[in-house]
Amino acid sequence: MKILVIGSGAREDAICQSLLKNTDNVVFCAPGNDGMKLNGIKTISINEDEFDHLANFAITNNVDYTIVGPEEPLVNGIVDFFKSRKLLIFGPTKEGAQVEGSKSFTKKLMADANIPTADYQEFTDLQTAIDFLNNDADFPIVIKADGLAAGKGVYISPDLSDALIKVTELLEGHKFNTRKIVIEEFLEGEEFSLMAFVDHKRFYPMPLAQDYKKIFEDDKGPNTGGMGAVCPVANISEAIEQEAITTVIKPFVKELYNQGIKYTGIIYAGLILTKSGIKVIEFNARFGDPETEVVLPRLQSDLSEMIYQMLHHKKVTEINWSTEGLNLGVFSVSQGYPGKQISGDLGSTDEFRNCPLTVNYASVRKENHRLISNGGRLYLIQTQANSLVDAQTEIYQELGKLNQTNIFYRRDIGKNSI
């Protein structure tokens, strides 16, 4: 098959590599990045928001179907646009993508489906939010931008003064173009991610993963887009996994369908195991990043065939996942990320080509046979090993061989799986 993947990050690199396990497939990535070319992926210089150009490319090149990686084109209606051109595309429509694009929309869906989540209030007016924080809030408290914020629009405010700063930034300063915020109770417990392939009423869960959002070791510092991930999650039992599927994914998919939203694509549930049971932190409308980079390498079935069947609304009869060991991925990011980033040289392309582990590239560009940083998260190194210690040893050994001047990475990814 000929398949077009839309996006430019490590997640899209991982999707492409999974599709290329079937050596008969031809895979394009638009726009992709210079690092992906080192993995043999054909990149196409069309940006993810150029719907018309992307659709024309799919038509001209007889692409069988398209997969959308990032949330922004989904929320902006790329699936509706492709469907209007009679093109097959894997992802939810604009209406369905609201599960990520609007936190208030998703909170209502969860309420309708009786899915457990944090108690919350919505605010569009700054003074009303300030009054709530002054009179009714228990700290710490969680403040979320209602729309998309590239994984950085969630704040845990330890006290009133910090919360007042955050709501003012969002509702008065309109950080992330925010017009509405959600303030919700702070939940304590073990966080984990559950993704599922969805085809209208049908869904197919993936193995659990755990990502590490904080920039520093021991989960300190500000949130990032994700500093690494592990799959499976050793300290979440099979019973809890089944409960998450039964009490979260199943009713959510059913509620979408009952409300007339025929959802095809990926549902991502960010979950937390609290003292009172599983609760939903968030839903996303696409593959998680960096979870995808450690989940898809465990897939033994043909991803391209599975998605083809779902796009034709046929039941996928068998999906096989590796049950051996674990997969671990660690992101290298620019010094200064997620604040002011310092860019620079990352090493020669040969150094990266010679890495014996899987490298998923994100914000990198090539210049004179060298890779240069081109954003915050640069590349993820991933491996499958029998134990966490073995996986960490392999990854940190390879990371240590690369130029350290302009990169930073956490040295405790997977720590909860010991």
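Which residues of helix 3 (residues 51–60) are buried? They are F51, L54, A55, F57 and A58. Buried means under 20% relative accessible area, with a 1.4 Å probe and protein chains only. These residues cover an arc of only 155° around the axis, so they sit on the same side of helix 3. The arc is that of the directions from the helix axis to the C-beta atoms.

This is a predicted model: local features need pLDDT of at least 70, side-chain atom pairs count only at pLDDT 80 or more, and totals for chains, interfaces and linings use all residues. Residues are numbered from 1 along each chain as its sequence is written, and side-chain values use heavy atoms, leaving out hydrogens and water.

Contact means heavy atoms within 4.5 Å.

Just after helix 3, N62 takes a positive phi of about 50°.

Now a helix pair. Helix 8 (residues 126–135) and helix 9 (residues 160–171) pack at an angle of about 165°, their axes 10 Å apart. That makes helix 8 roughly antiparallel to helix 9, a term for angles over 145 degrees. Helix 8 contributes L126, A129, I130, L133 and N134 to the contact. Helix 9 contributes L160, A163, L164, V167, T168 and L171. By class, this contact has nine nonpolar, two polar and no charged residues.

Last, a lysine. K279 lies in strand 17 (residues 277–284). K279 counts as buried because its relative accessibility is 18%. Among the residues it touches are P116, E185 and L271, not counting residues up to four places away in sequence.

Methods. Axes are lines fitted to C-alpha atoms, for helices over the stretch in contact, and angles run from 0 to 180 degrees between N-to-C directions. Helices (H or I, at least four residues) and strands (E, at least two) are DSSP runs, numbered from the N terminus. Angles under 35 degrees count as roughly parallel, over 145 as roughly antiparallel, 65 to 115 as roughly perpendicular and the rest as oblique. Ala, Val, Leu, Ile, Met, Phe, Trp, Tyr, Cys and Pro count as nonpolar, Asp, Glu, Lys and Arg as charged, and the others, Gly among them, as polar. Buried means under 20% relative accessible area, exposed over 50%, partly exposed in between (1.4 Å probe, protein chains only).
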